[in-house]
Amino acid sequence: MAAFRTWETVLTAPDPQRLTDLGKRLDELQTKQAAGSKRPPPNQSGIAFRFATELVAALIVGGGLGWGIDWLFGHFGFHTRPAFLILFFVLGAAAGIRNVMRAAADINAEIANTRSDKENGS
């Protein structure tokens, strides 16, 4: 009989006032979290570091893949040495430039949002 009482308290409708209070507390937490998550716009050194990192990482990955494929083919008797290295280095450069362009667009949008927030008085 005690187990039935436990399930009865679990299955009954909750107090509407408690749910309203919980909703208000959750709304307050969300507004605090949204206000605290705004970060300042990126500075020039941060932008330059991001661009350099994007480009260098793509070049290293492309060159590494090309070198690895050349080494693998050379290991099996096909002497393709520097063909894949050059090909993948160029592909890595293209991917790096594309990543830098995408990062620039993201940064421009972030700066535009920051400026519009300041103009609106936020």
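**Figure 1. R50 and D106 meet side chain to side chain in a salt bridge, 4.0 Å from N to O.** A salt bridge here is a side-chain nitrogen of Lys or Arg within 4 Å of a carboxyl oxygen of Asp or Glu. This pair ties together distant parts of the chain, with R50 in helix 3 and D106 in helix 4, 56 residues apart. Helices (H or I, at least four residues) are DSSP runs numbered from the N terminus, and strands (E, at least two) are found likewise. D106 is partly exposed, at 41% relative accessibility. For reference, buried means under 20% relative accessible area, exposed means over 50%, and partly exposed lies in between (1.4 Å probe, protein chains only). A word on the source: this is a predicted model, where local features need pLDDT of at least 70, side-chain atom pairs count only at pLDDT 80 or more, and totals for chains, interfaces and linings use all residues. Residues are numbered from 1 along each chain as its sequence is written, and side-chain values use heavy atoms, with hydrogens and water left out.

**Figure 2. R50 also pairs with E54 in a salt bridge.** Here the closest N and O atoms are 3.9 Å apart. How accessible are R50 and E54? R50 is partly exposed, with a relative accessible area of 33%, and E54 is partly exposed too, at 25%. Through shared partners, salt bridges join R50, E54 and D106 into one network. The count by this rule is 2 salt bridges.

**Figure 3. Helix 3 packs with helix 4 at an angle of about 160°.** Helix 3 covers residues 44-75 and helix 4 covers residues 83-119, and their axes are 7 Å apart. Axes are lines fitted to C-alpha atoms, for helices over the stretch in contact, and angles run from 0 to 180 degrees between N-to-C directions. The two helices are therefore roughly antiparallel, a label given to angles over 145 degrees. Their crossing is right-handed, meaning that the near helix is turned clockwise from the far one by less than a right angle. By class, their contact has 21 nonpolar, 6 polar and 4 charged residues. Ala, Val, Leu, Ile, Met, Phe, Trp, Tyr, Cys and Pro count as nonpolar, Asp, Glu, Lys and Arg as charged, and the others, Gly among them, as polar.

**Figure 4. The protein has 4 helices and 0 strands.** Along the sequence, the pattern reads α-α-α-α. Of the 122 residues in the protein, 11% are buried.

Note on methods. Angles under 35 degrees count as roughly parallel, over 145 as roughly antiparallel, 65 to 115 as roughly perpendicular and the rest as oblique.
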